[in-house]
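Q: I've just opened this one and could use a quick tour. Can we go through it bit by bit?

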Amino acid sequence: MKRILNLYKNYEEIINYLVVGVLTTIVSLIIYFGCVKTFLDANNPFEIQIANFISWFGSVSFAYITNRLFVFKSKSKKYIKEIVSFFSARILTLLMDMGVMFVLVTILKESDTIAKLLSQIMVIIANYVFSKLFVFKKRKDS
């Protein structure tokens, strides 16, 4: 048990990010599939993008709070700057997500389920890099 605790302490940020990333992905998928199974049509390319955007906004809001509190443990008092940076970085990965969905579903006619899952893997990796290097980097105001 002590060895597991030591491993956790050594890799706490990455482990917490992975846990939060999985939870954020679950939030995103629940919102996305909730949209396309209830009021949006997964066979309509425009409506897929609407569902994608709604799931993005909900999951990014969840991700900001959980990353700030549990992963990077930000103490920054510059909330507005941090939120703007976080959402800006997420806009880049949203565009990547939308591009992947467009290419895989609309052009290549792949399943929207497979496309969304593949896209989420790429998004999780890119989001960690952006958060670590640009959003929650240790600043002098921390």
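Q: Let's start with K132: what is its relative accessible area, and does that make it buried, exposed or partly exposed?
A: K132 has a relative accessible area of 36%, so it is partly exposed. Keep in mind that this is a predicted model.

Q: Which side chain meets K132 in a salt bridge?
A: That's E13, with 2.8 Å from N to O. E13 lies in helix α2 and K132 in helix α5, so the pair ties together parts that are 119 residues apart in sequence.

Q: How many salt bridges turn up in the whole structure?
A: The search finds 4. One of them joins R68 and E82, where the closest N and O atoms are 2.2 Å apart.

Q: Are R68 and E82 buried or exposed?
A: R68 has a relative accessible area of 10%, so it counts as buried. E82 is buried too, at 1%.

Q: What about D97, which residue does it form a salt bridge with?
A: With K116, and the closest N and O atoms there are 3.1 Å apart. D97 sits in helix α4 and K116 in helix α5, so this bridge ties together parts 19 residues apart in sequence. D97 and K116 are both buried.

Q: Switching topic: which residues have the most contacts inside the largest nonpolar core?
A: F72, F86 and F136, in a core of 15 residues. The elements giving two or more residues to this core are α2, α3 (45–71), α4 (79–107) and α5. Helix α3 has the largest share, with 5 residues.

Q: And what does F72 touch, leaving out residues up to four places away in sequence?
A: Its contacts are E13, Y17, N67, Y128, S131, K132, F136 and K138. E13 and K132 are the two whose side chains meet in a salt bridge.

Q: Which residues are included in the second, separate core?
A: Among its 11 residues are C35, L40, A51 and M101.

Q: OK, now the outside. Which residues form the nonpolar patch on the surface?
A: It's made of L7, Y8, Y11, I14, I15, L18, V19, V22, L23, I26 and I30, with about 970 Å² of accessible area together. Helices α1 (2–10) and α2 (12–38) each supply at least two of the patch residues, and α2 gives the most, with 8.

Q: Take I30: where does it lie, and is it buried or exposed?
A: I30 lies in helix α2. It counts as exposed because its relative accessibility is 57%, and the cut-off for exposed is over 50%. As a general point, nonpolar side chains in soluble globular proteins tend to be buried together.

Q: What's the phi of K73?
A: Near 45°, which is a positive value in a residue other than glycine. Most residues other than glycine have a negative phi. K73 is in the loop between α3 and α4, and at 37% relative accessibility it is partly exposed.

Q: And where is K109 found?
A: In the loop between α4 and α5. K109 also has a positive phi, about 60°, although it is not a glycine. With 65% relative accessibility, K109 is exposed.

Technical notes:
Residues numbered from 1 in each chain as written. Predicted model: local features only at pLDDT ≥ 70, side-chain atom pairs only at ≥ 80, totals over all residues. Heavy atoms only, no water. Patch = residues over 30% accessible without salt bridge, like charges linked within 9 Å, V, L, I, M, F, W, Y side chains within 5 Å. Areas by Shrake-Rupley, 256 points an atom, 1.4 Å probe, with all protein chains shown as cover. Helix = DSSP H or I, 4+ residues; strand = E, 2+ residues; numbered from the N terminus. Buried < 20%, exposed > 50% of the residue type's maximum accessible area, 1.4 Å probe, protein only. Core = buried A, V, L, I, M, F, W, Y, C linked by side-chain atoms within 4.5 Å. Contact = heavy atoms within 4.5 Å.
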